[in-house]
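Hi,

Here is the structure I promised to pass on to you. Please have a look at it first, and then read on for what turned up.

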Amino acid sequence: MPDPRAWIGRRAACGVIAAAHFISKRYLFALFSGQGSTVSAHIRDLRLEHCRQDLADPALAGQAVG
């Protein structure tokens, strides 16, 4: 089974993530609870990291944050 964490960054809904990996949402949540995290926390962390990278990118300095 592919690692759902690698794919989650492009998706937001737990149901979409679970369906794409042919697992139930309950099993997806169990995978994350074993790692000491939650699906939503992981999605939030990925989004925040992407934001940090964009804010630090000099090529994007002229663009509005919003």
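How many residues does helix α4 have, and how far does α4 reach from its first C-alpha to its last? Helix α4 covers residues 39-56, has 18 residues and reaches 26 Å, close to the 26 Å expected at 1.5 Å a residue; the expected span is 1.5 Å times one less than the number of residues in the helix.

Before the rest, a word on conventions. This is a predicted model, in which local features need pLDDT of at least 70, side-chain atom pairs count only at pLDDT 80 or more, and totals for chains, interfaces and linings use all residues. Residues are numbered from 1 along each chain as its sequence is written, and side-chain values use heavy atoms, with hydrogens and water left out.

On confidence, the protein chain has an average pLDDT (the predictor's confidence in each residue, from 0 to 100) of 81, and 82% of the residues score at least 70. Helix α3 has the highest confidence, with a mean of 88, while helix α1 (residues 4-8) has the lowest, with a mean of 61. Where pLDDT is low, predicted coordinates should not be read in detail.

Now the overall picture. The protein chain holds 4 helices and 0 strands, and its elements run α-α-α-α from the N terminus on. These elements are DSSP runs numbered from the N terminus: helices are H or I with at least four residues, and strands are E with at least two. Of the 66 residues, 21% count as buried; buried means under 20% relative accessible area, exposed over 50%, and partly exposed in between (1.4 Å probe, protein chains only).

The largest nonpolar core has 8 residues: Cys-14, Ile-17, Ala-18, Ile-23, Leu-28, Phe-32, Val-39 and Ile-43. Such a core is a set of buried Ala, Val, Leu, Ile, Met, Phe, Trp, Tyr and Cys residues joined through side-chain atoms within 4.5 Å. Two or more of its residues come from each of α2 (14-20), α3 (25-33) and α4, and the largest share, 3 residues, is from α2. In α4, the buried residues include Val-39 and Ile-43, along with Ala-41 and His-42.

Which residue has a positive phi although it is not a glycine? That is Phe-22, at about 55°. Phe-22 sits in the loop between α2 and α3 and is exposed, at 78% relative accessibility.

The whole structure has 2 salt bridges, each a side-chain nitrogen of Lys or Arg within 4 Å of a carboxyl oxygen of Asp or Glu. One joins Arg-52 and Glu-49 at 3.2 Å, N to O; these two are 3 residues apart in helix α4, and therefore separated by about one helical turn. Glu-49 is partly exposed, at 34%. The other pairs Arg-44 with Asp-45, with the closest N and O atoms 3.6 Å apart. Arg-44 is partly exposed at 47% relative accessibility, and Asp-45 is partly exposed at 40%.

Lastly, Leu-55 in helix α4 is exposed, with a relative accessible area of 66%. The C-alpha atoms of Leu-55 and Val-65 are 8.1 Å apart, and 10 residues separate the two along the chain.

Best wishes
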